[in-house]
Amino acid sequence: MSELILGIDAGLTATKAALFTPEGEEVAVGSRETPTERPAPDHREVQLSDLWEVTTEAVREALDHESVDSKDITAVGVAGHGHGLYLLDESGTQVRPGIKSTDSRAAGLTEEWERDGTADRMRERLGYAPFAADPLSLLGWLAREEPASLDRIEHALFCKDYLKFNLTGRVCTDEMEGSVFYGVGDDEYDRGVFAALDLDVSPDVLPEVVPSWKTCGSVTRAAAEATGLSEGTPVASGLHDVGATALGTGAHAAGQAVLILGTWGQSIVVLDDPWPEEGNKVSDEELGLTRRYLDGGYIRYKGLRSAAACLDWFVREFGHDWQRQASDEGVSPYEIYDRVAADVSAGASGLLFHPYLDGSTDEPNDRGGFYGLTSEHTRADMLRSVYEGVAIAQSAGLADLTPDVHVDDVRLGGGGARSEVWSDVFAAAVDTTLLVPAGEETGARGAAICGAIAADVHPDHEHAVDRMVSVARHHEPDPDAAALYSDRRETFESALSAIRPTWKRLIDHRERTYTND
């Protein structure tokens, strides 16, 4: 092939490397499981050397495709899970294992900040309050629990930035992740934010910001040897995976919205101006997180820490018969899950499921649960309620994000979008037409779009999306299911408010038991 663009997407559970033509054809994909260590309850970490190793293996797998020559690769774009904390010392080695965005170790600290007014001061300063997996709260946790780690920090990075450092030798981030540390309405770092949190950390640890669609460096000789890429191949700065997946589904202009049905779920809307009315600056609790996005725009999003992960958990624990059936029929087990869920009517025979198996971004102490179980319910009913609970949670998230935004285009991405049954449930939950883009690796595609623009394969985002993204399916909402899910969402939210104190007591008891052990 004459021209290819490589997109790397280092997610929480899988690291993908996908090759695309300038017309968006997906040529080859390499994939490896992203390592996760759990050294203590609510801790989720990764050794940085392990992350780099699985990334190089995924890239080599993609390059091994029979039609691929590394010399044909015009550019590389990189995406990775957002939030968390990846720290390097002055020699470029890890200070400690990277902390993932599913980590909740700082939940107690963020609660303390809510009580003592720190959170409100940060809302005023940054436009949001640090949450459990936010780099600011994690730095605060390190200051208390691992002060020696804090002393060694030379660079504070995000997941994809560490991979770019290994590819190019350059320390940098992009506009989306860099704006975590921007003051409200500013386009540069708030260099006093660490001091405002009484953190003994220099603002010089913050990386240079290179726009996501610009070249940040080129593949070094060492990286070429490790990955099989050609030395000198340009590398784009890339995006937080939320932004990359939004871009990979085609969302680049104001008024477009995306629901990501991956390990995490995300509800997303693209904006021209996050505060269209002067003085109407609202907090993260009301409108999710707002970050810079692409060339002068913004992206607003709200996460669900376990979306498709809820299905994976349920079938791992209760789906063995369905998995044997899939093996006997020679089909994917997900095809069987869809058949089973489709045979249950909307409403799951009165069952309600809360999908907060790893907490929520609103409240780390949130938990999962089935409500309304009787002796007449079946595993099929429970499976259907998992599909519905995830869709209702994400549709509620999208509604929270858009009280002041006219949305005229809603897309569904992530691995779960492969399921036509689940896509129908989502269409009914949001009660609008859903567009499902072609291809499966939307995060890697978004990263590749960044690479294509950086290498002048396409002149801008509009042209790149027009060439590299197409729509495979349209899902129209079923009116009866839409009405049912609208009512169910009210029940979902009232049950959530009522049970939160119980979850908190259960977690407090577990922590006391763990400490005594």
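Is Thr110 buried or exposed?

1. Thr110 is buried, at a relative accessible area of 10% (buried means under 20%, exposed over 50%, partly exposed in between, with a 1.4 Å probe and protein chains only). Keep in mind that this is a predicted model, where local features need pLDDT of at least 70, side-chain atom pairs count only at pLDDT 80 or more, and totals for chains, interfaces and linings use all residues. Residues are numbered from 1 along each chain as its sequence is written, and side-chain values use heavy atoms, leaving out hydrogens and water.

2. Thr110 sits in helix H2, residues 107-116 (helices are DSSP runs of H or I, at least four residues, and strands are E runs of at least two, numbered from the N terminus). A polar atom of the Thr110 side chain lies 2.8 Å from the backbone oxygen of Ala107. Leaving aside residues up to four places away in sequence, Thr110 touches Pro130, Phe131, Ala132 and Ser137 (contact means heavy atoms within 4.5 Å).

3. Now for a helix pair: H10 (residues 241-249) packs against H17 (residues 442-454) at about 85 degrees, with axes 6 Å apart. The axes are lines fitted to C-alpha atoms over the stretch in contact, and angles run from 0 to 180 degrees between N-to-C directions. So H10 is roughly perpendicular to H17 (65 to 115 degrees; under 35 is roughly parallel, over 145 roughly antiparallel, the rest oblique).

4. On the H10 side, the contact includes Ala244 and Leu247, and on the H17 side Arg445 and Ile449 are among the residues involved.

Note on methods:
Polar contact = N/O pair within 3.5 Å; in protein donor to acceptor, adjacent residues only side chain to side chain.
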